[in-house]
Amino acid sequence: MSTILKRSVPLAITFMTVIILILTFFFNLGPFGETLDKTLIAFATILASAALGLGIINTTKTHVIRIAKREKGQWIYSVALIAALLFMVGVGLLYGAASYEYSLLFDATVGPFKATLMAMFIVWVTPAFVRITRIKNINSMALITAMFLTVIGQSPIGTMFGPVFANISGWLNTVLNMGVQRGFKITIALGLIVMTVRIILGKERSYLRKEVTG
Amino acid sequence: MTGNQRGIWDKYRQYIIIGVMYLFYVYPIVQPFSTGIAIGEKAQNLYDLVESLPDGANILMVYDYSAMAFPIMQGIQEAFLEHIWRKDGNVVMISFSPDGPMMYKKLLGTYVQGFSKKEYGKDWVFLGYLPGGETGLTSFMKDIRGTISSDFEGDPIDTIPIMENINLGTDFDFVFDFETGVTMADGFVRQVASVYGIKLAFAMSGGQMMEPYYPDLVQALVYPLPGRAAEYETLIGVPGNATSQLAIIFVGNLFILIVLLGGAISQIYKRLSK
């Protein structure tokens, strides 16, 4: 298959899919349009499921290679990862994801591990937080003042002083923070629109292989 | 000061800070105390929103958080289920996060007093994990049966009584998403609130980023961690898990405030002494 065909067919599929989804969103194209819309979206959901499987395959491949090469200091952890992965998949397939056995394994391993990670993160971050909360200039003073007022206003401590700090914190949140967040969201939305137009026009081809992008 | 003459603070700063932090967090466990609860606007909004729903309303409850956030979410979820089941709400649960089904199972195990009074299939159902993020949500809202054919236990949806009159997203009266960060939050605003006009609420730790949508597209926005969950528990009259965490939140915030003040005072002192 020539390079032009390898490039044109995916671009054409992308163009048609995006145009159909946009048209069906804004216009009533009858039962056919509705069916097409639902089908395309269902395809995307199916692809997302397949992507999960692809992720597992990719992870397994990476770590099997590491084990085969006996990478110093790494391969033993890869053995542990592959063993845990196969064990959990095996239990899930044998007993089902809704089973007591699967839940027990998850609650005994993943839950405590993730909670431990979170706790460790706090322990590492706290000294760094202490280091950065130093007033060096007017900007850092404004930041620390805002942090102080927000924490005291949002926390049970602030209630000891009446509604003052809650009102100040609320103002910081609903006026200053909201203004900034609105700016972010509008900017991101504009960026997404530009990216979509580029995808429709075929200018954005990062999803194609390098040798066919031209 | 040379390296050999560094003081105790400079040498052992990290350990001193972590040690003091541990002392702060251990204190309320060793010596529990209660703090006052002042009801804030956001918790009141959520309470009023749920109260405004008709009896027997169809609710979509979404588990979008990972295992590490369960302690944060447990209180607000239990309080919400307690509240909505007082109004005989029909709760359809789903997850767009891979950890969601396990979080559902965990809540099933911790909120026994609530789930035991209700019947699976009639008062609640869990449809499992739906991949695809916002696309999965879009597909689900457009056509539930076309997207999901069975619940988490494998029973066909058509055999579940609660799903009898729920076919499309518009059949839901209220959507409540529990998540950490903002992974799906914008997606819910785009695909649920703005397209279908369904009442939408979030309980999320990164909620500040959703403030622009509040209160028009997002009618209730609760940050569980600083105590909003405890306020909601107080409003429904059932102090629970979140209220019991208030003391720890209190000392945690106190520690942060002391660090902020301490840093500021030390810098001012250094500048004045130069």
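Trainee: Why is B:Asp88 called partly exposed?

Mentor: In this predicted model, B:Asp88 has a relative accessible area of 46%, and because buried means under 20%, exposed over 50% and partly exposed in between (1.4 Å probe, protein chains only), B:Asp88 is partly exposed. Local features need pLDDT of at least 70, while side-chain atom pairs count only at pLDDT 80 or more, and totals for chains, interfaces and linings use all residues. Residues are numbered from 1 along each chain as its sequence is written, chains are lettered from A in the order in which they are written, and side-chain values use heavy atoms, with hydrogens and water left out.

Trainee: What is noted about the phi of B:Asp88, and where is B:Asp88 found?

Mentor: Its phi is near 55°, a positive value in a residue other than glycine, and B:Asp88 is found in the loop between H3 and strand E2 (90-95) of chain B; helices (H or I, at least four residues) and strands (E, at least two) are DSSP runs, numbered from the N terminus.

Trainee: What makes a set of residues a nonpolar core?

Mentor: The members are buried Ala, Val, Leu, Ile, Met, Phe, Trp, Tyr and Cys residues joined through side-chain atoms within 4.5 Å. The largest nonpolar core has 50 residues, of which B:Phe80, B:Leu81 and B:Met93 touch the most other members, and helix H3 (residues 70-86) of chain B gives the most to this core, with 8 residues.

Trainee: Which residues are in contact with B:Met93, leaving aside its neighbours within four places in sequence?

Mentor: Contact means heavy atoms within 4.5 Å, and the residues in contact with B:Met93 include B:Met61, B:Leu81, B:Trp124 and B:Gly128.
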